Structures are given as C-alpha cells and as structure tokens.
Amino acid sequence: MTETIDSRAYDHLWMHFTRMSSYKDHAVPTIVKGDGAYIWDAKGRRYLDGLAGLFVVQAGHGRAELAEAAAKQARELAFFPVWSYAHPNAIDLADRLASYAPGDLNKVFFTTGGGEAVETAWKLAKQYFKLVGKPMKHKVISRSIAYHGTPQGALSITGIPDAKKYFEPLVPGAHKVPNTNFYRAAEISGVPELGQDLERFGRWAADQVEQAILAEGPDTVAAVFVEPVQNSGGCFPPPPGYFQRLREICDTYDVLLVSDEVICAFGRLGTMFACDKFGYVPDIITCAKGMTSGYSPIGAAIVSDRIAAPFYEGDNYFPHGYTFGGHPVSAAVAMANLDIFEREGLNEQVLKNEQAFRSTLEKLSDLPIVGDVRGDGYFYGIELVKDKATKTTFDDDESERLLRGFLSTALFDAGLYCRADDRGDPVVQLAPPLICDQQQFDEIEQILRSVLTEAWTRL
Ligand SMILES: Cc1ncc(COP(=O)(O)O)c(C=O)c1O
C-alpha cells in the first residue's frame, strides 16, 4: 500500500525543484498527516517539521479551527474574484494587513502566492513611474543569491544563476548587488577589515546599492527588492544601520524600496512584518506563505498610499490581477490564522524564545563541519565548511556527495525534516513552526549533532 503511494507519486507527480532521478527505487517520501510541530509519512513514521513545510506553517499543523474557517466560507461563498466586486473576507483581511503594516502602507493587492506578489510589485513600480512622469524608471536592483520566485519577472530579480540559466533571456533590467553575508564579508568586499566590522560591512553593502543605481542611471531605476533576512545562501540578517541607509538611498534617487517578506512576515522573526523588527518603512511589502499558516494559498503586495495615489485618479488603473487572488476561502483562513496569532501571542512567543533557539543551535559550533550559525527569530541557517579556520567551502563534488548524497536523507531518516541547500555555500536551513519551544530546539540540535558528526567522517 505504502509502496504504491510512494511509487505512484514518482510516476505521475512532478516534484518541484527536484531531480526526479534522485529517488531510490522510484519512491517519493509521502507525508500524510500533521499535528503541531510534527508530520507523519505514509509508513507511519513521525518527523519534526524543522522547516514549517516551506517556511509556511507558522501556527503548526492540525488546527481544526482553520479547517473549519475554510469549510464555513466555502459553504457561504466559495468563490468570487476581486475584479471590480469585493467580498467581505478580502475587505476584512486587507483592512487588517493595513493595520499591521507600518507607515502609510494601506493598499492591499492580493495574489495567490509570493512570486506573483513580487511580479505584481515590479509591474506596479514600473507603472507608478509612468503615471508620475518618470517613464524611464523601470529597472530593479536586488541581491546576489537571493530568491524572489519563479515567474519570469520575479526570476529576473532572483539572484541564483542555476535557477535562471535555462530560461534566459529573462525580463531585462534586473541588476544584482552583494548580499549581507558577514561570514564572507572580507571575500565579498575584497576588504579584509570589513570581515571584522559588522557595521562598516553593512554600510559598504548598502552603498553598493547606491553604486548600482548610479551605474544604471537613477532615472532608469524603479525599485530595490530585498528580504529583511535573506533566505537563500543561508539566512543573512541585515547589519545594524543597513536598512536605514537603504531607505536613505532610495529616497535620494526616488527609487521604491520593496521589502520581500514572503518568508519573514507573519511571525517568522517575531513581528507581523519584519521591516518593523529592523525599524524601516518600505514602499511595498510582498508577503504570502505564513499569512494562512499554509491552510490555503494567498499572497499580497501591500502598497503605500503615496504609491497607490496616482492609480486612484481619473482613467488610471492597474491592468493586472489573478483569478484566485484574494480567494474568499483563503482570506477567511488568513483571518482565522491571524486570530490565532493574536490569541496565542505567537509573535511574543518567538521573541521570548529566539535567544534560546539561537543558543541551542550555537552549541553545534563545536563540530568541525559547522562554520557559521546565523539568522534571526525562528529562521536559521547553519553553514557547513571543510575547514573552519580558513572558511574553505566544499567543492562541487563534495557538495554533491555531502548534501545530496547524504545529508538530506540522513536528517530525514533521523526524524528531522529540514533543508540542506547549496544555492550559495552549503547550509542547513531551519524554520520550525512558531509554536515550537525548547523541547523541539533540543530535538533539532541532537539530530543535527549526530548527523553532522557522521557527515564529517564521510568526507
Ligand atoms: C523571498 C521570497 N520571495 C518570493 C518567493 C516565491 O513565493 P512562491 O513560491 O509563493 O511563489 C519566495 C519563496 O520561497 C521567497 O522566499
């Protein structure tokens, strides 16, 4: 029976971002149930969900009230678009998101996911500048190794060469600047002292955005897209002052600052919107994943009144939308999910425990393979290295053997679902549901300790 499910998956279900040839015996691990921080496979084995699905299941699995909110809404009004007519849950949710968002970010344009939100934000930025008489402004700046989604515009903004190479030429006008990987600051900047001075490195990294705007021509640049903590490459938090400097640069050159919070919003860092944690106000927030804790798909671009204003005048409108954007069932689930956030104080829980999560993961620093432990809130990357003293990383062949050939499967077999990623330097990524506490932190640490110790012996 189990074999049948797993092999039927192989036969018909095309797995995303996955080498189909990697499945032993043509069997795809199949997850059938979730409860709290745990998931179960078709063979009845339990795993700790160390990645909240895919940075999504903030409130944990098995929440009956979210399922009931979906059923209630489907019975009442299963579907209506937000094309010219509204429905109550979309209105309530837009109102609520606006109330959580900082500054004058009060206009909510719904999508079905994160990539569409990024796509929407770029199109919106381009049209905004046409409406205000700066029609040349269309380019975007984003950071190297950052992931912003797979639609062709969002993929252009993405800074991962391997994710893009088969689809070139992509949307022109997307330029990359260095990210805030402090562990590799000396290498990235070419200035050894910056490896010792976080604030100076942050200033340098932010200044690269200014350099890119100047190199491209300020009258051609529409927006800068950045995650509050960059996921891809393994959780790069912003150095102190980084976002304040970015805001200043964007204001100087009339460039929109887009905070791509598809992962970082909704409690991942302990605040509804992550820009609040780092004290900046963007012009647009893109978000998705955690808004419903994954019980139904939805995304959004949350736009400032200032940027929205010209779209509300005369004959102007934004010729853009999605059939399922702001879906009534997803909007109802998002409302119920945000009720859970408030009732159970999920953000407060993350803020209370984040130091404990960090300290527990930092215990792993005694292992020879652990080069760096970095992140914020409930969002961490552990960078693996061949030589700690020199920070030497693995070559392609070692990476292949270590990450694909051993680590992902070994961690899963040991009862931890998380992600071993080599889109930048090799990292293990962790982002557990926000209901987790010390018990799960310890479980994560113990499994990682034993599997990483074994990995070292196999090198
Ligand atoms: C920062 C960021 N932007 C955009 C996306 C794309 O979101 P989606 O997969 O919902 O299209 C992701 C997905 O992980 C993301 O992390």
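A crossing of two helices is called left-handed if the near helix is turned anticlockwise from the far one by less than a right angle, and right-handed if clockwise. By that rule, H3 and H13 cross in a right-handed way. The model here is a predicted one, with local features needing pLDDT of at least 70, side-chain atom pairs counting only at pLDDT 80 or more, and totals for chains, interfaces and linings using all residues. Residue numbers start from 1 along each chain as its sequence is written.

Now for the helix pair itself. The axes of H3 (residues 64–77) and H13 (residues 328–344) come within 8 Å and cross at roughly 145°; axes are lines fitted to C-alpha atoms, for helices over the stretch in contact, with angles from 0 to 180 degrees between N-to-C directions. Helices (H or I, at least four residues) and strands (E, at least two) are DSSP runs, numbered from the N terminus. On the H3 side the contact includes Leu66, Ala69 and Ala70, and among the H13 residues they meet are Val329, Ala332 and Val333. Contact here requires C-beta atoms, placed from the backbone, within 7 Å. The contact of H3 with H13 divides into 10 nonpolar, two polar and two charged residues, where Ala, Val, Leu, Ile, Met, Phe, Trp, Tyr, Cys and Pro are nonpolar, Asp, Glu, Lys and Arg charged, and the others, Gly among them, polar.

As for the ligand, 13 residues surround it, the closest being Gly113, Gly114, Gly115, Gly149 and Val262; a residue is near if its C-beta atom, placed from the backbone, lies within 6 Å. Helix H5 (residues 114–131) gives the largest share of this shell, three residues. Sorted by class, the shell holds five nonpolar, six polar and two charged residues.

Most residues other than glycine have a negative phi, and most peptide bonds are trans. Ala52, in helix H2 (residues 52–55), has a positive phi of about 45°. Ala52 counts as buried because it has 29 C-beta neighbours inside 10 Å; the cut-offs are 20 or more other C-beta atoms within 10 Å for buried, 12 or fewer for exposed, and partly exposed in between, with C-beta atoms placed from the backbone. Phe266 also has a positive phi, near 55°, and sits in the loop between strand E8 (256–260) and helix H11 (274–278). Phe266 is buried too, with 31 other C-beta atoms within 10 Å. The peptide bond from Glu168 to Pro169 is cis, with omega near 0°.

Key: Contact = placed C-beta atoms within 7 Å.
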